[in-house]
Every structure is written in C-alpha cells, then in structure tokens.
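Me: I am new to reading protein structures. Could you walk me through this one, feature by feature?

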Amino acid sequence: MNLYMPDGQFIEDVDLMNDVCIEGSYIYSGSFNPLHDGHKTIANLFENVVFEVSQTRYEKEPYTDQDIIRLTDQFAWKFPIVVTDKTLFLDKVELFNEFSPKAFIMGYDTFKRFLEMTTSDDIKTPFNIVAVGRKVDGI
C-alpha cells in the first residue's frame, strides 16, 4: 500500500500505524476518476479525511501504475490518498478498522450499491458509515 500526501510526498509500503493518522479520520474510498467538485465538497464537510483508491477494481481492469500516478496527482496540495489492493468495501473495513477511523464516507450511489450487495451475514467487523446524499433536480 502506498501513501501520497497533499504536499506531493510519496511513501511506498506505508505503515498505517506510523505513517498515516487513520485514528479519528474519515476514510473516503472511491475511484475518483476524476476527482471532481462533488468529491471535494463532501470531503470538506469533515475534518481529517483520508482518501482511498484501490489499484484493483470490481468488475473492471486494474489501474496501471500510470493510472495511479494520474489519479494521485489530482490530490496534490489537497488531501492525503492511500492506494490499496482492497477492491470490496468490507475488505477496506478490515484493513482500516484496526486503526480506529471515525467513519467511512460513502456517496449516495456507493451507499446504495453497498446496501444492495451486502447482507448482515457479510459484516464481520462493526464500523460507522456516513452516507452523503446528493441534489436531484435542485432538491
């Protein structure tokens, strides 16, 4: 797992315990392809947001190293981003939960898919989700 800091610093094979302050952070996972104003607006609602993108993707080709560089460059001087190999949300929960994040942020579409694809039997570890809605037709 690699970490890209807002100041452009890159940490390869990051140690989540020592290199990133996950404790008390909000984890915001997604493809962020591209990082748009909606993503930034959501992130700015919270303090201490760490973005996460997976190099492997559900039902899609994995990102190439060049793709990851392009994606992470969007975050320079904005937000820290961690690159993992965790494709499914519950795998991300298992990875990050031992570091006591405050919650996982989900946009409306992701939250809807999560509810459709997940049963209570799938959940092995308790976690908090903050689901953020969106305006539809100005509402």
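Me: How many aromatic pairs does a search of the whole structure find?

Reply: A pair of aromatic rings is described by the distance of the centres and the angle of the planes. Rings of Phe, Tyr and Trp (its six-membered ring) pair if their centres lie within 6.5 Å; planes under 30 degrees apart count as stacked, over 60 as edge-to-face and the rest as tilted. The search of the whole structure finds 12 aromatic pairs. Take Phe114 and Phe127: their ring centres are 6.3 Å apart and their planes meet at 75 degrees, so this pair is edge-to-face. Phe114 is in helix α4 (residues 108-117) and Phe127 in the loop between α4 and β7 (129-132), so the pair links distant parts of the chain, 13 residues apart.

Before we go on, two notes. This is a predicted model: local features need pLDDT of at least 70, side-chain atom pairs count only at pLDDT 80 or more, and totals for chains, interfaces and linings use all residues. Residues are numbered from 1 along each chain as its sequence is written, and side-chain values use heavy atoms, with hydrogens and water left out.

Me: Are Phe114 and Phe127 buried or exposed?

Reply: Check the relative accessible area. Buried means under 20%, exposed over 50%, and partly exposed in between (1.4 Å probe, protein chains only). Phe114 has 11%, so Phe114 is buried. Phe127 is buried too, at 19%. Of the 139 residues of the chain, 41% count as buried.

Me: How many helices and strands are in the chain?

Reply: Helices (H or I, at least four residues) and strands (E, at least two) are DSSP runs, numbered from the N terminus. This chain has 4 helices and 7 strands. Their order from the N terminus is β-β-β-α-β-α-β-α-β-α-β.

Me: How many residues of helix α3 are buried?

Reply: Helix α3 (residues 89-97) is mostly covered, with 7 of its 9 residues buried. Among them are Phe89, Leu90 and Lys92. The buried residues of α3 pack against β3 (26-29), β4, β5 (81-84), β6 (103-107), α4 and β7.

Me: Which residue forms a salt bridge with Lys92?

Reply: A salt bridge is a side-chain nitrogen of Lys or Arg within 4 Å of a carboxyl oxygen of Asp or Glu. The structure holds 4 of them. Lys92 pairs with Glu52, and their closest N and O atoms are 2.8 Å apart. This pair links distant parts of the chain: Glu52 is in strand β4, Lys92 in helix α3, 40 residues apart. Glu52 is buried because its relative accessibility is 0%. Lys92 is buried as well, at 8%.

Me: Where do Asp37 and Lys40 lie?

Reply: An α-helix has 3.6 residues a turn, so residues three or four places apart point the same way. Asp37 and Lys40 both lie in helix α1, 3 residues apart, about one turn of the helix. They form a salt bridge, with the closest N and O atoms 4.0 Å apart. Asp37 is exposed at 59%, whereas Lys40 is partly exposed at 24%.

Me: Which residues does His39 touch?

Reply: Contact means heavy atoms within 4.5 Å. His39 is in helix α1 (residues 37-43). Leaving out residues up to four places away in sequence, His39 touches Tyr28, Phe32, Pro34 and Phe51. His39 counts as buried, at 13% relative accessibility. Tyr28, Phe32 and Phe51 also belong to one aromatic cluster with Phe75 and Phe79.
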